[in-house]
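Subject: Structure handover

Hello,

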Amino acid sequence: MRRGLAVVAGVAVAGLLIGGALFWQSQARAKVTGSTAELPEVKAILTAAPAVPPPVDRPGNAKVIVTLETTEVKGPLADGVQYTFWTFGGTVPGPFVRVRVGDVVQIRLKNAEKSMHPHSIDLHAVTGPGGGAAVTQLGPGQEGAFEFKALNPGLYVYHCATPSVPEHIANGMYGLILVEPEKGLPRVDREYYVMQGEFYTKGKTLAPGLQALDPAKLTGERPEYVVFNGRMGALLDGGAVKANVGETVRLFVGNGGPNLISSFHVIGEIFDTVYTEGAVGGGPPARNVQTTLIPAGGAAIVEMTVQVPGRFLLVDHSIVRAMEKGALGVLEVAGAEQPGIFRTLVPGTYGTGGH
């Protein structure tokens, strides 16, 4: 029965994609009105996590060219553990894309010749069939392109939408695109890109060697790893994000899934501002938030002014995922002690515990 449902779902997705592709191909042949030729053309600045492109500071809208390549690359999932990731641009998550509401965004996608599978892209910021996936189903070595107008500000997930969609996402094919409001976001001192994802390996957590995806664990929603930025420890030690006392830090946090809801929390901090589910411009953001839920395929923008020095843990507060499966990172804050806010009276004798 379960296999039958999976087949039906796969056929339905394929049908939608093919139908959408035929529709949009017919539209492309028609005479296009409202040409965007008058817009200046700019090349998107793309960054790998945890880096974020600079704010959009040009005076008006533009046609923004985003060039991406889908690749299949072997890399570390944890110490001693290797995995063959399916990626946008060779990284998990894929590059961060930053545009402004009203921009025309041109997506140029290539599937690398050495790929063993077809790939595509569905951007949740797109108003159009499949979020673009209807016209970007690409075999190895193939290229495709489409344009969309960024109509709605917010922080959006993009991912591969080639059947089997769960498998493509579970192998690492997701990223974030920020559509800034017309006047931009308030300026802050530091911005970082954090994205949660799950890996469903044949071997148990930390079993050594090259691991393959386990379809039964994927279907049963039983990941061996829940990590930030594509691997265990990506935001620890030398990968920790940094700030100084008194600075405001903005985190663009996404959840690639494909299955779990993230309970995102920074231990020892309270979020001053949360743009819940990545929504920008529709109303005032939430204030003074301890933990924010981020659904699979969703995102949030969180901001905090760091007021004391120390080591602050980024976690999924479904805490087993942080302490045993990898959803753990560090924000290192440097600066002078602030005894008016926090001071030690009598220290414990057993270290810092899990923090």
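Asn229 counts as buried because its relative accessibility is 9%; buried means under 20% relative accessible area, exposed over 50%, and partly exposed in between, using a 1.4 Å probe and protein chains only. This is a predicted model, in which local features need pLDDT of at least 70 and side-chain atom pairs count only at pLDDT 80 or more, while totals for chains, interfaces and linings use all residues. Residues are numbered from 1 along each chain as its sequence is written, and side-chain values use heavy atoms, with hydrogens and water left out.

Backbone first. Asn229 has phi near 55°, a positive value in a residue other than glycine. Its place is the loop between strand 12 and strand 13 (241-244); helices (H or I, at least four residues) and strands (E, at least two) are DSSP runs, numbered from the N terminus. Glu221 also has a positive phi, near 60°. Glu221 sits in the loop between helix 3 (215-220) and strand 12 (225-228) and is partly exposed, with a relative accessible area of 44%.

One joins Ala49 and Pro50, with omega about 10°, and Pro50 is in the loop between strand 1 (41-43) and strand 2 (63-78). Another runs from Gly257 to Pro258, with omega near 20°; Pro258 is in the loop between strand 14 and strand 15 (262-266).

Next, the aromatic rings. The structure holds nine aromatic pairs, where rings of Phe, Tyr and Trp (its six-membered ring) pair if their centres lie within 6.5 Å, and planes under 30 degrees apart count as stacked, over 60 as edge-to-face and the rest as tilted. Phe85 and Phe199 are edge-to-face, because their ring centres are 5.5 Å apart and their planes stand at 90°. This pair links distant parts of the chain, with Phe85 in strand 3 (residues 81-88) and Phe199 in strand 10 (residues 190-199), 114 residues apart. Both Phe85 and Phe199 are buried. Ring pairs join Tyr83 to Phe85 and Phe199 in a cluster.

Phe96 and Phe252 make a tilted pair, 5.2 Å centre to centre with 55° between the planes. Phe96 is in the loop between strand 3 and strand 4 (97-100), and Phe252 is in strand 14 (residues 248-257), 156 residues apart. Both Phe96 and Phe252 are buried.

Gly172 lies in the loop between helix 2 (165-170) and strand 9. Gly172 counts as buried because its relative accessibility is 0%. Leaving out residues up to four places away in sequence, Gly172 touches Trp86, Val92 and Phe199 (contact means heavy atoms within 4.5 Å). Gly172 and Trp86 are 86 residues apart in sequence, but their C-alpha atoms are 5.5 Å apart.

On the sheet: four strands form an open sheet in the order 4-9-8-6, with mixed pairing; two strands pair if DSSP finds at least two bridges between them. Which strands stand at the edges? Strand 4 and strand 6 (122-123) do, each with a single partner strand, so one side of each has no neighbour in the sheet. Strand 4 pairs with strand 9 (residues 174-180) in the parallel sense over four bridges. The bridge partner of Arg100 in strand 9 is Glu180.

Regards
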